[in-house]
Amino acid sequence: MPPVHRVVVISTPPVSMFNIAIPEMLFSKVEIDGAPGYETLFCTAEPGPVRTSSGLDVHIPHGLDVIDTADTVIIAGAGSREEPDPRILAVLRRAAADGKRIASICTGAFALAEAGLLDGRAATTYWTYTGELGDRYPSIDLQKDVLFVQDGAVLTSSGYAAGIDLCLHIIRTDYGAAVANGVARLTLVAPVRPGGQTQFTDTPLPPERGVSFVCTRAWAMQHLDEPLTLTDLARNAGVSVRTLSRRFHAETGLSPLQWLLHQRIERARELLETTTLPMDQVARASGLGTADSMRQHIQRRLGLTPSAYRASFSRLTAAPVAAATV
């Protein structure tokens, strides 16, 4: 049985309750062969009651010394972006020097920047504060309109629910797409979304009687193995191709064909992890065409061949799954 991966979340007052709830909610749902995949601990410079941005207090039981035992360190967003505690900056620098994976949710990026961990790196934060982050730390390669960014062992996410995408990305990196998407289903959140998807900063919700493509996306998920076109999607939605393209991007942050490709790669990853289907059958079942085409897409997206990905993430213990069951 592999050792449990320890995640330590740093809370700085006034901490966002939502930001510290996200890691606990998602990582606690990961089970590998019936055992927990993660242990999540919470720490702060002064253990005990910590004021939240909503005015309530939460009890944080651990001091910063617990970071030395972490595999991944996450600093949660807080209501203050000024003068991070020097003790926290010191442990962040030490964690980085030790090679730990370090991540921030929302305004936690300001602490990483002050510690010098974002110098020369691609990074993001909540869209309201990207201008401030860029002005204060011009050495950052600022990504203004993405959900999250990974640059080496350092990850940053934008605001609020993008922390969910960040944590799902971490789970997928550690345990594969099938586990991450299973956690998403258990917690009733969206499946893993690509980090480059926009933060939806200027996107209004569709009007109650307006056109929404939720049903069309659900239909497409049931037909990923078919050669879907923009015309097919538009016909299902009952709109023109032009309207589909405009409104689909407004709802998802991706074009219809970008969204389809992402879903097909996710389907291929799940099949590689959970079946022993030959590569050409995985490619056909996921809509990626041939084994060569699938290899190109997966290697471009993941830096691994399909065979290497299967070797890294397959957790099969049962007999091979027949094609008819997929």
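In what order do the six strands of the open sheet lie? I began my notebook with that. I noted at once that the model is predicted.

**Entry 1**

I traced the open sheet and read the order 4-1-7-8-12-11. The pairing is mixed. I then looked for the edges. They are strand 4 (38-43) and strand 11 (148-151), and each of these pairs on one side only.

Strands of a sheet pair through backbone hydrogen bonds, either parallel or antiparallel.

**Entry 2: strands 11 and 12**

I looked up how strand 11 meets strand 12. The two run antiparallel, and four bridges join them. I picked out Q150 and asked which residue of strand 12 is its bridge partner. I found L155.

**Entry 3: helices on the sheet**

I turned to helix 2, residues 86-97, which packs on the sheet. I found that helix 2 touches strand 1 (5-10), strand 7 (72-75) and strand 8 (101-104). The direction of helix 2 makes about 150° with that of strand 7.

Helix 5 came next. I saw that helix 5 lies across strand 1, strand 4, strand 8, strand 11 and strand 12. Helix 5 runs at about 150° to strand 12.

**Entry 4: S158**

Where is S158 found? I located S158 in the loop between strand 12 (154-157) and helix 5 (162-175). Is S158 buried or exposed? Its relative accessible area is 2%, and buried means under 20%, so S158 is buried. I followed the side chain of S158 as well. It reaches the backbone oxygen of V146 at 3.4 Å.

**Entry 5: helix 7**

I listed the buried residues of helix 7 (residues 214-221): T216, R217 and A220. Why do I say that they line one face of the helix? Seen down the axis of helix 7, the buried residues fall within an arc of 100°, so they line one face. I then checked what they pack against. I found helix 8 (230-237), helix 9 (241-252) and helix 10 (256-274).

**Entry 6: the whole protein**

I stepped back for the totals. I counted 13 helices and 12 strands. The protein has 326 residues, and 48% of them count as buried.

How values were computed: Residues are numbered from 1 along each chain as its sequence is written. This is a predicted model: local features need pLDDT of at least 70, side-chain atom pairs count only at pLDDT 80 or more; totals for chains, interfaces and linings use all residues. Side-chain values use heavy atoms; hydrogens and water are left out. Buried means under 20% relative accessible area, exposed over 50%, partly exposed in between (1.4 Å probe, protein chains only). A polar contact is a pair of N or O atoms within 3.5 Å; within protein, one must be able to donate a hydrogen and the other to accept it, and residues adjacent in sequence count only if both atoms are side-chain atoms. Two strands pair if DSSP finds at least two bridges between them. Contact means heavy atoms within 4.5 Å. Axes are lines fitted to C-alpha atoms, for helices over the stretch in contact, and angles run from 0 to 180 degrees between N-to-C directions. The arc is that of the directions from the helix axis to the C-beta atoms.
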